[in-house]
Amino acid sequence: MQSIDNYDFHRKRAIVRFDFNVPLNEKFEVTDDTRIRVAIPTINKIFAGGGAIIAMTHLGRPKGVAEKYSLKHIIPVLEKLIGKKVIFAPDCIGDEAVELSKNLKPGDFLLLENLRFYAEEEGKPRLADTATQEEKDAAKKELKVKQKDFVNKLASLADCYVNDAFGTAHRAHASTALIAANFPNDKMFGYIMENELKAIDKVLDAPERPFTAILGGSKVSSKITIIKRLLDKVDNLILGGGMSFTFIKALGGNIGLSICEDVELAKNILEEAEAKNVKVYLPVDVVTTIQFEEVFKGNGNVETKISDIHNISDDAQGLDAGPASIERWRKIILESKTILWNGPVGVFEVDTFANGTLNIAKIVADATSSGAYSLVGGGDSVAAINKFNLADKVSYVSTGGGALLEYMEKVELPGVKAIKE
Ligand code: AMP
């Protein structure tokens, strides 16, 4: 396998799959440039080696060509961050892109227009909801052929391929996986991908013990595979947030109107944890409100009460971990040598219910400064750790939400496999 560290980029045109799917405001200005900033080491490495870059990425979820999702909006921020002019190809394939790529000189940066302007990128036909199964099958078949052509056209622009888009590595798209086959000896991960994989492997393959996973968020159902996998790895499992109520109910508690899913599933997980000697720490108290509908509209100006987790009143919902839960968790986290955190332990988007998640972030940061290795990943926990300005106080913040979870479930990510094989 090639590595970006050893590859000779001299006079090569590297087509790099970035994840520049940045948020834009209504004036089409980039409101958070993190995803571009983290790609700078890969960009600098290619330039330092004497190469040129052809950058490909998606932006948003366009259903075809749409001004709103044009990558030209990100050019000012990109130019500022890389410190040079960006050449722009208004179509990611076609004559103009070919011409521009031919003329690239070492140190040039060519940005291709949004890959998802073509259905070929994702390989999903764009049909009306009314399409019949037959029409869907035919369209899929036709698109598969077109996708090959799309991949070949993209590949023809460059001499080597770098994948640095961890956030989309769990998708078998043209630019994230299929294109790798066109560069059998000239394909590699960028630094973001490399670091992500290293961080996750470190936690899952050789964790220093005790190893504690903190899982939160709204749904058990979406995290069931990962919970089961973690039961083979961790010593302690802290379960908070919306998903914890299903477990409390499984234990016979009264959870009021708090969110609840498959109780049998929760029972099953608790039994498995016991059999595997994993200690499960559920919340013991919770911040509740009867005005939860207001909260989900973003209004935190509501009356709250702290309840015993097993005795929530029938008309209330639990929306944040209470102080006793935090104190109990604090002890476990501070004694841990490896910590994995995925998912907020409350509705942290609303300040009234952010305290539990803020405390988890602070405690994980404290444990890290005392020598633990901490990996924070998954969209919402990353948003939380950024909201509290603690991202640089943990060992590693993963940028890939879905990709991180799938990788931890030991699903072979198409974007990873395509480079490795
Ligand atoms: P997930 O996407 O499953 O990781 O869930 C993240 C979401 O869970 C966030 O938007 C939180 O607001 C939400 N959440 C956390 N705790 C609770 C809770 N107790 N009740 C309802 N939603 C919650």
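Colleague: Which strand is Tyr281 in?

Modeller: Tyr281 sits in strand 9, residues 279-281. Helices (H or I, at least four residues) and strands (E, at least two) are DSSP runs, numbered from the N terminus.

Colleague: Before we go on, what sort of model is this?

Modeller: This is a predicted model, in which local features need pLDDT of at least 70 and side-chain atom pairs count only at pLDDT 80 or more, while totals for chains, interfaces and linings use all residues. Residues are numbered from 1 along each chain as its sequence is written, and side-chain values use heavy atoms, with hydrogens and water left out.

Colleague: Back to Tyr281. Buried or exposed?

Modeller: Tyr281 counts as buried because its relative accessibility is 13%. Buried means under 20% relative accessible area, exposed means over 50%, and partly exposed is in between, with a 1.4 Å probe and protein chains only.

Colleague: And what does Tyr281 touch?

Modeller: Leaving out residues up to four places away in sequence, Tyr281 touches Asn236, Leu237, Ile238, Leu239, Arg328, Trp329 and Ile332. Contact here means heavy atoms within 4.5 Å. Gly240 is 41 residues from Tyr281 in sequence, and their C-alpha atoms are 8.5 Å apart.

Colleague: Let me step back. How many helices and strands are there in the chain?

Modeller: The chain has 16 helices and 15 strands.

Colleague: How much of the chain is buried?

Modeller: Of the 421 residues, 53% count as buried. As for contacts with a separation of 6 or more, 75% are between residues 24 or more positions apart.

Colleague: Let's do strands. Which way do the side chains of strand 2 point?

Modeller: Ala52, Ile54 and Met56 point one way from strand 2, and Ile53 and Ala55 the other way. In a regular strand the side chains alternate between the two faces of the sheet. Five of the five residues of strand 2 (residues 52-56) are buried, so the strand is largely enclosed by the rest of the structure.

Colleague: How many bridges join strand 2 to strand 1?

Modeller: Five bridges join them, and the two run parallel. Two strands count as paired if DSSP finds at least two bridges between them. Met56 in strand 2 is the bridge partner of Arg17. Strand 2 also pairs in parallel with strand 4 (residues 109-112), over three bridges, and there Ala55 stands opposite Leu111.

Colleague: What about strand 1 and strand 5, how many bridges?

Modeller: Four, in the parallel sense, with strand 1 covering residues 13-17. Val16 has Val162 of strand 5 as its bridge partner. Strand 5 also runs parallel to strand 6 (residues 187-189), joined by three bridges, and Tyr161 is partnered there by Lys187.

Colleague: Switching to helices. How many residues of helix 8 are buried?

Modeller: Six of the eight residues in helix 8 (residues 224-231) are buried: Ile224, Ile226, Ile227, Arg229, Leu230 and Leu231. These buried residues pack against several elements, including helix 7 (191-205), strand 8 (236-239) and helix 10 (263-275).

Colleague: Where is Thr246?

Modeller: Thr246 lies in helix 9, residues 244-250. Thr246 counts as buried because its relative accessibility is 1%. Beyond its neighbours within four places in sequence, its contacts include Val220, Ile259 and Ala266.

Colleague: Now the backbone. Which peptide bond is cis, with omega near 0°?

Modeller: The bond from Arg209 to Pro210 is cis, and Pro210 lies in the loop between helix 7 and strand 7. Most residues other than glycine have a negative phi, and most peptide bonds are trans.

Colleague: What is the phi of Asn277?

Modeller: The phi of Asn277 is positive, near 65°, though the residue is not glycine. Asn277 is in the loop between helix 10 and strand 9 and is exposed, with a relative accessible area of 66%. Arg11, also not a glycine, has a positive phi of about 60°. Arg11 lies in the segment before strand 1 and is exposed, with a relative accessible area of 63%.
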